[in-house]
Amino acid sequence: MLRMSTLLLRTLRDDPADAEVASHRLLVRAGYVRRVAAGIYSWLPLGYRTYRNVEKVVREEMDNAGFQEVHFPALLPRDPYESTNRWTEYGPDLFRLKDRKGNDYLLGPTHEEMFTLMVKGEFSSYKDLPLSIYQIQTKYRDEPRPRSGIIRGREFVMKDSYSFDIDDAGLEASYQRHREAYIKTFNRLGLKFNIVSAMSGAMGGSKSEEFLAPCPTGEDTYVLCEKCGYAANVEAMVTKVDAYKGEVPPAFEIFDSPNTPTIDSLVELVNSKFGISITGADTLKNVLLMADGKAISILVPGDREVDLKRVGANLAGVQDLRLFEDEDFAKYPGLVKGYVGPQDAAKLGITVYADPRIVIGSHWITGANERDKHARYVTHGRDFEVTAFVEAAEVKAGDPCPTCQTPVVIDRAIEIGHIFQLGRKYAQALGLTVLDQNGKAQVVTMGSYGIGVSRAVAAIAEQSHDEIGLIWPREIAPAEVHVVAAGKDESIFNFAEQLTEQLEAMGLTVLLDDRKDASPGVKFKDAELIGIPYIVIVGKSLQEGKIEFRVRSLGSKVEFATDSAVAEIIAAINN
RNA sequence: CGGGGCGUAGCGUAGUGGCUAGCGCGCCUGCUUUGGGAGCAGGAGACCGGGAGUUCGAAUCUCCCCGCCCCGACCA
C-alpha cells in the first residue's frame with residue numbers, strides 16, 4: 001500500500017520555470033522526476049513506479065516474441081569501439097573517461113559491438129541461428145542540446161535488440177517479428193503512433209522504419225497520407241514527378257536583370273519585362289553547398305528552400321555539409337552570388353545535383369553567371385547536365401503522396417522506436433561468421449531495434465494529460481486506484497483504509513491519501529495532478545452509506561453503496 | 001557551435017547603486033478549520049550562481065567563468 005502520508009513526494013503548485021513541454025512540466029510538478037543536470041534526471045517513487053511499469057511491458061513483449069534478455073555494462077573499454085572505428089566516428093557525443101592506469105573507457109551510447117562480440121564468442125554454426133537478443137540499459141550520449149525534459153536526455157534508458165541471421169530472408173523474418181512485437185508493445189503502452197519509413201543514415205543499413213508518437217512538441221517531422229496511409233520521415237519522403245511533356249523551348253537567352261537578389265524580385269522583373277506571368281516555381285534556384293570541402297550546387301525550384309537534412313540523408317557518404325560562405329565564394333570567382341546558373345558548372349569546377357522536380361527537358365529561368373544577368377529557356381539535358389538527382393527540396397504540406405498522389409499532411413512526433421536492417425557491417429568489422437551447411441564461413445547479417453524506455457514515459461505523458469494534470473493508462477500508472485480520505489472524521493479514514501486493503505486483496509494497486517492535515521481541496525488537486533486513472537473518494541457521503549468513484553480521463557463521478565463498493569469499483573474498472 | 005533569454009530560500013517571484021533582501025506557496029509550533037490548493041498568531045530557512053573589479057557603499061554597475069532554458073545546426 002502506498003500512503004500519501006509517508007510518500008517521498010512534494011507536488012508543486014506552480015509550474016517549474018525551466019520546463020516548457022507538458023510532459024516535463026507535469027512530471028516535475030506532480031513529483032515524478034527532478035532534474036540533476038541538463039538532460040539528467042532522478043526518479044522519485046511515483047515516477048520510478050511508472051517507469052518500471054513501462055519497462056515491464058517492454059520486457060514482457062520482448063520475451064513473448066521469443067527474444068532473450070542479456071545485459072551489458074554501461075562502462076566499456078575503448079577496444080571494441082576501435083574495431084568499428086566508432087571511438088573516432090562518434091565524436092564529441094561520446095562520454096569518454098580514463099581509468100587510473102590511463103586507459104580509455106566510454107559510457108555506452110549504443111551496444112552493437114558488444115552484442116556482436118557476445119554472439120561471436122559463443123556461436124559458430126548456422127544451426128545456432130536465427131537469434132534475437134535484447135537488453136534494457138542506460139545509455140549515455142553527450143548531446144549537443146538536451147531538451148524537453150526526459151524526452152531528450154544525455155542519460156536515458158533504451159531497450160535495444162539485435163537479430164542475427166544467416167541470410168537476407170532470415171533478416172527480413174527477424175525484422176518482421178520485431179515490428180510486430182513493437183506494435184504490441186506500443187499498443188499496450190496506450191501510445192498513438194505511426195510507423196514511417198526512414199533513412200538508415202549513418203548506421204549504414206538498408207530498410208528502416210521509425211515508430212513515431214504524434215505530438216505537437218515532438219522534434220521529428222514526418223509526412224502522412226491520410227488516404228493510403230503512406231508515412232515517411234521528411235528525410236525519406238520521395239518526390240514523385242511526371243516526365244516533361246511540354247514543348248521544346250527556344251534556345252536560351254540572356255537578359256538584363258539588375259537588382260534581383262531574391263526570387264520574388266526576379267519574378268516581378270521577368271513578368272513585367274516579357275509580359276508573362278510566371279511564379280517562383282518557374283525559376284531555378286542554385287544553392288551552393290560545401291560537402292566535405294567540395295563545392296556542390298543543388299538545383300531546386302525557386303519557390304522551395306533546400307532542406308539540408310534531406311540533402312545530407314540522401315547524399316551517400318557525405319559527412320560535413322554546410323551552406324556556402326563568403327570565403328567560399330572568394331575561392332570560386334566564377335560564381336556570382338545571386339546570379340548562379342548550372343550552365344557553366346563544369347567550367348566553374350562544381351558538381352551539380354538536382355531535385356527530382358528538375359526533370360529532363362524542363363526549362364527554367366536562372367542565373368547567367370554574370371552580375372545583373374539572368375537567362376531563360378535554360379533546359380535540362382540541353383543547356384546543362386546534372387551529376388545526379390537528389391531529394392533536396394523542403395517537403396511541404398500538400399505535396400503529392402508518392403503512392404497515391406493525394407496531398408500529404410505534415411505532423412510532428414516523438415520517435416519512440418526505430419527498427420532497421422543493419423546488414424553485415426558490424427559482423428564484417430568484428431569478424432562474426434558462422435559455418436554454413438557446406439562448412440564455409442558466412443558473415444552473419446544483423447538487425448538492430450530500439451525503444452526509448454524512459455522517453456516512452458514522457459511520450460505517454462505528452463499524449464495523455466490535460467490542463468490540470470497527468471492521465472495515465474491503467475497499466476502504466478503508479479497505482480491503479482487512488483483512494484482519497486476526504487474529511488476529518490475517524491470513520492472516513494477507517495473506511496478508506498479498509499477499502500484499500502480490500503481492493504489490494506482483489507489484486508489492484510492502490511495509492512491511499514491518508515493525510516490528516518490536508519484539506520479535501522488539496523487532495524483532489526493532487527489526485528488530478530498525479531493522474532492515477534481511477535479515483536475513489538471516501539468523504540461526506542459516507543454517512544449516507546456511499547462513496548464516490550471518478551474516472552480521471554472522463555472527469556466522471558458516480559456514487560456506489562459502501563457495502564458493494566469493492567465489487568462495483570472492480571466492475572467499473574474492467575467494464 | 002550560432003542566435004535569444006535567464007540565474008535571489010525547496011518551488012514561484014519582487015527588488016536596476018543606499019544601509020535589516022521583500023512577498024506567495026511549501027516547511028515547523030499552537031489554536032481554529034475540513035468537498036475544491038483554509039484562517040489567525042508565532043517561527044526556521046538565502047555566502048542574491050562563482051570569482052575579480054569600480055565605489056564611502058554592490059543582488060543592483062563592469063569583466064571573466066559556471067550553470068540552466070528556448071530557437072537553429074546535430075542527433076535515439
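A crossing of two helices is left-handed if the near helix is turned anticlockwise from the far one by less than a right angle, and right-handed if clockwise. Keep that in mind for the second stop.

This is a predicted model: local features need pLDDT of at least 70, side-chain atom pairs count only at pLDDT 80 or more, and totals for chains, interfaces and linings use all residues. Residues are numbered from 1 along each chain as its sequence is written, chains are lettered from A and ligands numbered from 1 in the order in which they are written, and side-chain values use heavy atoms, with hydrogens and water left out.

**Stop 1: the domains**

Colour chain A by domain. Domain 1 covers 16–237 + 410–462, domain 2 covers 253–389, and domain 3 covers 479–574. These bounds come from an automatic or database domain assignment. The C-alpha centres of domain 2 and domain 3 lie 68 Å apart.

**Stop 2: two helices**

Select residues 45–64, helix α2, and residues 168–188, helix α6. Helices (H or I, at least four residues) and strands (E, at least two) are DSSP runs, numbered from the N terminus. The two helix axes come within 9 Å and cross at roughly 150°. Therefore α2 is roughly antiparallel to α6. Angles under 35 degrees count as roughly parallel, over 145 as roughly antiparallel, 65 to 115 as roughly perpendicular and the rest as oblique. Axes are lines fitted to C-alpha atoms, for helices over the stretch in contact, and angles run from 0 to 180 degrees between N-to-C directions.

Is the crossing left-handed or right-handed? α2 passes α6 in a right-handed crossing.

Now show side chains. V57, V58, E60, E61 and M62 of α2 meet A181, Y182, K184, T185 and R188 of α6.

**Stop 3: the five-strand sheet**

Here 5 strands form an open, mixed sheet, ordered β17-β15-β16-β18-β21. Two strands pair if DSSP finds at least two bridges between them. The edges are β17 (321–323) and β21 (388–389), each pairing on one side only. Select β18, residues 351–354: 2 bridges join this strand to β21, and the two run parallel. Which residue in β21 is the bridge partner of Y353? Pick A388.

**Stop 4: the six-strand sheet**

Next, 6 strands form another open, mixed sheet: β1-β29-β28-β30-β31-β32. Its edge strands are β1 (2–3) and β32 (556–561). Select β31, residues 546–551, which pairs with β32 in the antiparallel sense over 6 bridges. E548 stands opposite E559 in β32.

Conventions:
Contact means heavy atoms within 4.5 Å.
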